[in-house]
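This report concerns a single protein chain, examined through its computed geometry. Please consult the sequence and coordinates alongside the text.

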Amino acid sequence: GQGLWLPRRKARLTNGAGQICCAVKRVLVQDSVYDAFLDKLIARSATIRMGDPLAEDTDLGPLITREAVARAHAQVDESLRMGARCVAGGQPAEGNYFTPTVLVDVTPDMPVMKDEVFAPVAPVCRFGSLDEAVAMANDSDYGLQSSVFSSNISNALKVAHRLEVGGVVINGPGAFRPGNVPFGGAKQSGIGRESIVDTVLEMTEEKTIVITNAL
């Protein structure tokens, strides 16, 4: 998943601690709003409360294992070594927690951009034109879910049709998965679709009978 999004409870840094398959993995932000967006994201990340996911006041729960924490840390560290800059977080916390992390100056060859990071890590990349944004978004081996945020619905729909993904949410987080909507991806994000109807069809043996007037 990827998108231009605003910090909210069900976005990259808090939704399942980034371990949900359709959670935002890359954040592409237009030049004209980049600085303002980044300031708000950094400020929001500082307010996120880590703790017991069953507690009402918890925003961010743990990763599934210590190995998952180490893997995310390695992906962040390698990206930093390659030239990315960390403006929030970037380190494991006690237990299986990873601090809400925001990286900038990222490039397509860095692990946080080309691989799926299952942790609360948001690599933020700026773009100029819509063509550039679409090219950056499609430059991935994955294509599950995306978001497009825009005040211009026409532009948002144009971009949505050009994205090589299984689903696009306009002006909302990509982790949108009601049971009656087909869910699945393109490229290395899987084959086929899941939903109430699609799953029933997948488990159904269909037969075609054709009657002609040949006799």
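## Basis of the values

The model is predicted, so local features need pLDDT of at least 70 and side-chain atom pairs count only at pLDDT 80 or more, whereas totals for chains, interfaces and linings use all residues. Residues are numbered from 1 along each chain as its sequence is written, and side-chain values use heavy atoms, with hydrogens and water left out.

## Overall architecture

The secondary structure consists of six helices and nine strands; these are DSSP runs numbered from the N terminus, helices being H or I with at least four residues and strands E with at least two. Along the principal axes, the C-alpha atoms occupy a box of roughly 75 × 40 × 30 Å. Of the 215 residues, 42% are buried (buried means under 20% relative accessible area, exposed over 50%, partly exposed in between, with a 1.4 Å probe and protein chains only).

Among contacts with a separation of 6 or more, 57% join residues 24 or more positions apart, a contact being heavy atoms within 4.5 Å. The protein exposes about 11,800 Å², of which carbon and sulfur atoms supply 54%; accessible areas come from the Shrake-Rupley method with a 1.4 Å probe, and for residues only the protein chains shown count as cover.

Cys125 belongs to strand β5, residues 121-127. Cys125 counts as buried because its relative accessibility is 11%. Not counting residues up to four places away in sequence, Cys125 touches Val27, Leu28, Val29, Tyr34, Val106, Met113 and Met136. Its C-alpha atom is separated by 8.7 Å from that of Leu103, 22 residues apart along the chain.

Phe37 is located in helix α1, residues 31-45. With 4% relative accessibility, Phe37 is likewise classed as buried. The C-alpha atoms of Phe37 and Val124 are 9.8 Å apart, although 87 residues separate the two along the chain.

## Charges and salt bridges

The protein carries 21 positive and 25 negative side chains, and the centres of the two sets lie 3 Å apart. Lys and Arg count as positive and Asp and Glu as negative, while His and the chain ends are not counted; the place of a charge is NZ of Lys, CZ of Arg, CG of Asp or CD of Glu. The structure holds nine salt bridges, each defined by a side-chain nitrogen of Lys or Arg within 4 Å of a carboxyl oxygen of Asp or Glu.

One of them joins Arg126 and Asp35, with the closest N and O atoms 3.8 Å apart. This pair links distant parts of the chain, Arg126 in strand β5 and Asp35 in helix α1, 91 residues apart. Arg126 is partly exposed at 39% relative accessible area, whereas Asp35 is exposed at 52%. Asp31 joins Asp35 and Arg126 in a network of salt bridges. Arg162 and Asp131 form another salt bridge, at 2.9 Å from N to O. Arg162 lies in helix α5 (residues 153-162) and Asp131 in helix α4 (residues 130-138), so this pair ties together parts 31 residues apart in sequence.

## A nonpolar surface patch

Ile196, Val197 and Leu201 make a nonpolar surface patch of about 290 Å². Patches are made of residues with over 30% relative accessible area and no salt bridge, like charges being joined within 9 Å and nonpolar side chains (Val, Leu, Ile, Met, Phe, Trp, Tyr) within 5 Å. Leu201 lies in helix α6, residues 196-202, and is partly exposed at 45% relative accessibility.
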